[in-house]
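Hi,

Here's the structure I promised to pass on. Have a look at it first, then read on for what turned up.

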Amino acid sequence: MKIVDIRATTVAVPLEAPLRHSNGAHWGRFVRTLVEVEADNGLVGLGEMGGGGESAEAAFRALMPYLKDHDPFQLEALRFKIANPTASLYNNRTQLLAAIEFACIDLIGQHLGVAACDLLGGRVRDEVPFASYLFFRYAGDGFDEVRTPDQLVAQARALKREHGFTVHKLKGGVFPPDYELECYRALAEALPGDRLRYDPNAVLSMAEGLRFGRAIEHLDNDYLEDPVFGLEGLRYLREQLRVPLATNTVVVNFEQLASNVLRRSADVVLLDTTFWGGIRPCVKAAGVCETFQLGVAVHSSGELGVQLATMLHLGAVLPNLGYAADAHYHQLLDDVIEGGKLEYRDGRIPVPSGPGLGVRLDAAKVAEYSELYREKGGYPYDRDPGRPGWYSQVPNERFADPSHPG
């Protein structure tokens, strides 16, 4: 089996409403680049990458000289062909590699007639648990804003009723820390017995991070995720708090993982199949975490159904997956895979059982949302449409006004 073609298509899939975060916002849609890798036997493997547009599509097309006639089974050779660590100093291709790796694993699974998780060690669970992902958000078409504690609690309760979540993650860093602490406490009071986690995307100062962490120590926390930036900042807080600390920002490769093992800064590593360069690196990293008693969770970077499938197959094979996975997925209005959005059952999503990733593209949906991308274009992830001219700093001191609806 040899690779004969690579196709990339950028799509924009609508969200319920614009989602606010510490750096800016998702402006009412996710922009993703879908990748199709065709083999000489007629099979097509699927990949996905965040962001995109003409530059991403061109970047994938530019990989053809590297990958023409490459055997998809040769995954280690694929890594060095695309992302040699010294050559990549001049062209960081980690996320491109991830999308191609997804597609090659999909091809191998289809070729052999087995699910991707069976190529990765075999499943230890048939369903992967997920946390709700709660955002402060602007109003959308038919969807209310989320700005106040009462609105946030209503959102969490609605998601719990609809999807069965018993773990809730608040994406913070939007409003002043004291206000978000009030919101977090409101969630804990409204959802007794459920687990909580808070992620301000590393924009708190050391003093704010320490004060926030101490204020929530008595609550049912999974962890405090990236309250401050950097391994040293996390280590300083970890020495003084009784809440586990997690990261998806400063442990995203094996060198950083080694540093975290040698001088423990984060207790939980959130593995992202895109940020780490594929599913297989995440499995390897989870093995290191198992050896050194680090917790493991699965991170969400705003995926559609193709990357969600990679997260499910990853979650299926990790015996040390001790936490519910993240997913923005319930914020989406639609998906580009056949059969529509995958469904939650009691806060879990079943692992696809078909060969490879177990999902296929819906050509009509891809065409529809490709056209939507051409109509609307991309958006700057690190800007907020409701705050023209604003940009975030680390640590941040210019938070949004919680009394202002815009």
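Predicted model: local features only at pLDDT ≥ 70, side-chain atom pairs only at ≥ 80, totals over all residues.

If you want to find the meeting place on screen, look for Glu101, Phe102 and Ile105 on the α4 side, which meet Ile279, Arg280 and Pro281 of α11.

Keep Arg280 selected, since it turns up again in the charged pairs. Side chains of opposite charge can pair when their charged atoms come close. By the rule used here, the model has 30 salt bridges. Arg280 makes one of them with Glu76, at 3.1 Å from N to O. Glu76 sits in helix α3 (residues 75-83) and Arg280 in helix α11 (residues 279-291), so this pair ties together parts that are 204 residues apart in sequence. Glu76 is partly exposed, with a relative accessible area of 30%, and Arg280 is partly exposed too, at 22%.

Glu76 also forms a salt bridge with Lys284, where the closest N and O atoms are 3.2 Å apart. This pair again links distant parts of the chain, helix α3 with helix α11, and the two residues are 208 apart. Lys284 is partly exposed, at 39% relative accessibility.

Which strands does the salt bridge between Arg7 and Glu38 tie together? The side chains meet at 2.8 Å, N to O. Arg7 belongs to β1 and Glu38 to β4, so the pair joins parts that are 31 residues apart in sequence. Both ends count as partly exposed: Arg7 has 29% relative accessibility, and Glu38 has 24%.

There is also a network of salt bridges, and it links Lys169, Lys171, Arg195, Arg197, Asp199, Asp222, Glu225 and Asp326.

Next, helix α1 (residues 54-61). Its buried residues are Ala56, Glu57 and Phe60. Looking down the axis of α1, you'd see them fall within an arc of 100 degrees, so they line one face of the helix. Glu54 and Ser55, on the other side of α1, are exposed. And what do the buried residues of α1 pack against? The strands are β1 (3-14), β4 (29-39) and β5 (44-50), and the helices are α2 (64-67) and α4 (94-112).

Last stop: His328. You'll find it in the loop between α12 (305-317) and β14 (348-350). Is His328 buried or exposed? Its relative accessible area is 4%, so it counts as buried, the cut-off for that being under 20%. Leaving aside neighbours within four places in sequence, His328 is in contact with His26, Phe30, Tyr133, Phe135, Ser300, Ser301, Gly302 and Glu303. With Gly302 there is a polar detail to look for: the backbone nitrogen of Gly302 lies 3.4 Å from a polar atom of the His328 side chain.

Technical notes
Residues numbered from 1 in each chain as written. Heavy atoms only, no water. Buried < 20%, exposed > 50% of the residue type's maximum accessible area, 1.4 Å probe, protein only. Helix = DSSP H or I, 4+ residues; strand = E, 2+ residues; numbered from the N terminus. Arc of directions from axis to C-beta. Contact = heavy atoms within 4.5 Å. Polar contact = N/O pair within 3.5 Å; in protein donor to acceptor, adjacent residues only side chain to side chain. Salt bridge = Lys/Arg side-chain N within 4 Å of Asp/Glu carboxyl O.
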